[in-house]
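I am opening a page on this structure.

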Amino acid sequence: MSRANHHSLAAYSSALLAWAMTAPAPAGDPGLLLYRNGQSTGASALTALVQGDVPITGAGAACTNCHRRSGLGTAEGSVRPLPITAPILFTPRTGARPRPGYTDASLKRAVTEGIDAGGRMLDPLMPRYKLTPRDQQAITDYLKSLGTSAAPGVTDDEIVIATVIAADAPAAERIAVERVLHKYFEIKNGGSRQEVRRAAAANRHAYGDRHDRSYRRWRLATWTLTGPPSGWDKQLRQQYVAEPAFAVLSGTTGHDWDVVHHFCETEQIPCVLPLTDTPPDAEQDFYSLYYTEGVRLEARIIAHHLQDQRLPPDTRVLVVRPDEVRGTAAYNAFSSAWLKQGGQSPRQLLLAPGKVLDVRFWQRTLEKERPDILIAWVGSGQLVGLAAAMEGGTRPDTMIYTSESFTDWTAAGATATQLAHAWHVSPYRLAQGSQTPFPREQVWLRSQGLADLDVRIAGRVLFACHALGEQLAGIENNFSRDYFMEGLEHMLDNTNMTTLYPRTTLGQGQRYLSRGAYVLSPSAAFEGTSTGASWVEM
Amino acid sequence: MARTRLKMLLIAGFMPLLPAVNGLAASDEHAHHHEMMAAPSVQISKHAYQMPGTPLTDEKGVSVNLRDLMANRPVVVNFIYTSCTTICPVMTASLLQLQRQLAGSRNMPLFVSISVDPDFDSPAILKSYAARFGADWTFLTGSRADVLSVLGGFDAWRGSKANHAAVTLMRGANAGEWTRVEGLASAQQLASIWSDVAS
């Protein structure tokens, strides 16, 4: 361990360090499997009694259900499980309900009989486990390692936060990420309240440990990616080694986020709210948090909206979309939902990069394909020709769908009002009355001289910063990445902070902050009003 | 909502003390403390909830009218969500244990778990949650508005899912009145309360 980090580690006795300072348990470790999955080392399932007489088994009896991965636990209802990291368990506790540090024997009593090291009964909610000697050894060894390895990127006075920017990401996103993060970090580190001085003096103050010691300056590391995604993992690794970061904040790649996602999962780095329309299936994983499921959410909402119209089974659907990852992800998500609803396989027209769609293209396409439903996953400029083709065309009843990840109606008012028989899917908040949809974000951007940034991009970078700040304050001196993620789940479900999304919610294992979108007319999308809009959740 | 609070008692004081788990010796210096703690504290009260006719969806994806589902039959209802830590796994295990204890009895109640996280808990997710516990009863979800209206009707919504209360509701076949168990109960406590409700 380089410089001192966990406050709790500092209090750790040196004798204990000698036998407990082991590396974190590897993935196949029997203690880890027992702790996280409730998997016994033997042939029969792990069993325990909870609340006195309620049997629980296997995954239902896993330690992680209450104490979480971090061992620090999060509150649920009125229940607050005790923290069980090694530095806490094996150190004597003073103050209210004092107890000596645990030994192997007293740990066994706690886990099997519910008696703590001080001889007190633990809450009946703490399961009384039936353990084989091997199970007992596995869980004891695991608990001796839990919470003992310091998270990289945290020193006595500084926490390093990285962002990821690919050179060929859209300029508007690259610029917004850089400018908002730099400005936010500058303000955060302004030291306007003498935080650094108070943190340095924390050990001389009676309550300094509690109030000031956890303060860290934020340092931003920008990890740059160049070339094709196949080379990104190596580039990320090199930059991480050169400048280890505690977490990855926001970021943009212009391609899939997959490489960054897998890098963060492998290295167990929290990856907080990047700008991406194609997040991977994050709920199988742990360390990556996204705003929405991106194009997949929008595609499924179109399918859902069609289902509500009870269309005949021979309804012809045509998808016009770019021949790139976002287009493919959107098509696949729509197609699978549509087929499940009993629809026929949707046709698709793939657009090469740079292809211009004029009125002739749309006329020909409508006449040849004769779609009942046209999903146009193209930019608003490409829809000028479609609006003209629809007027007096041969397919006036064709219903058109667009969605926010592809089409920005805010800059295309004339076309939006021309497309009468059309729906647009947007995950963002809409204006209430005469107010703009994002007043708080706009005020912040204006006050920081960033009003020229697109609020729907910059507002997402800004909220990621707010979430990081709130959660780093919430974890106090427990710089554990697992605890950071667990706290985010909890904090973001109850947050008072406004986001660009109408409603956000999160829970254990949930990794998409917003799960719905509005379906509204393009003209309402242009005006940003909620007139005629319906909110759909998936 | 008309609601009468007829009685509120700490059941721990009225329940027979549970046998010590794992054969704790009676001579244990903490045995007294242990026994006091062994029967969890729960609060019991009576309420006349208006049964909402709200449409919900069960774990098989079938639309269910709550009032029809519960009409003229004994019911035990609790409130859970699948991402919940600490409380819900225990509540689900307790209900399962109660169901096992009541197996074969007359007046076997209908067991219903209502999700407090309709945003996430789709029928498929509820189904796999039920399977994880071996829970063979009805799990309900629905649109957020519908679920919140049901939760409101049962006074079981506390503003956010992670703030949800450990509540079990019981009602006899033709009783108008519900028995509300607040807190995490042992299976024996639940069975004892149920026998009062069912008699």
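**Entry 1**

I began with strand β1 (residues 47-50) of chain A, which is joined to β2(A) by four bridges, the two running antiparallel. This is a predicted model, and I read every value below as computed from it. For one pair of facing residues I noted L49(A), which stands opposite P55(A) in β2(A).

I then looked up the sheet to which these strands belong. It is open, has three strands in the order β2-β1-β3 (chain A), and its pairing is antiparallel. Which strands are at the edges? I found β2 (54-57) and β3 (128-130) of chain A there, each pairing on one side only. Ignoring direction, neighbouring strands of this sheet are turned by 30° against each other on average.

I also checked what lies across these strands from the other chain. Helix α3(B) lies across β1 and β2 of chain A, and it runs at about 120° to β2(A).

**Entry 1: the contact of chain B and chain A**

I recorded 39 residues from chain B and 44 residues from chain A in the contact. The two chains bury about 3200 Å² between them, and 57% of that area is on carbon and sulfur atoms.

How many salt bridges cross the interface of chain B and chain A? The rule finds two. I wrote down one of them, in which the side chains of D119(B) and R503(A) meet at 2.4 Å, N to O.

Next I asked which helices supply the side of chain B that touches chain A. At least two residues each come from α1 (31-38), α3 (87-102), α4 (123-133) and α6 (187-198) of chain B. The largest share, seven residues, is that of α3(B). By residue class, I have this side of chain B down as 18 nonpolar, 14 polar and seven charged.

**Entry 2**

Strand β9 (residues 317-322) of chain A and β10(A) pair in the parallel sense over five bridges. Here V319(A) stands opposite Q348(A) in β10(A).

A helix covers part of this region.

**Entry 3: a salt bridge from α14**

Over all chains, the count by this rule comes to 31 salt bridges. I picked out the one between R326(A) and D277(A), whose closest N and O atoms are 3.0 Å apart. R326(A) lies in helix α14 of chain A and D277(A) in the loop between β7 (271-272) and β8 (288-289) of chain A, so this pair ties together parts that are 49 residues apart in sequence.

Definitions and conventions. Residues numbered from 1 in each chain as written. Chains lettered and ligands numbered in written order. Predicted model: local features only at pLDDT ≥ 70, side-chain atom pairs only at ≥ 80, totals over all residues. Heavy atoms only, no water. Pairing = 2+ DSSP bridges. Contact = heavy atoms within 4.5 Å. Buried area = accessible area lost by both parts, 1.4 Å probe. Salt bridge = Lys/Arg side-chain N within 4 Å of Asp/Glu carboxyl O. Nonpolar A, V, L, I, M, F, W, Y, C, P; charged D, E, K, R; others polar. Axes fitted to C-alpha atoms, helices over the stretch in contact; angles between N-to-C directions.
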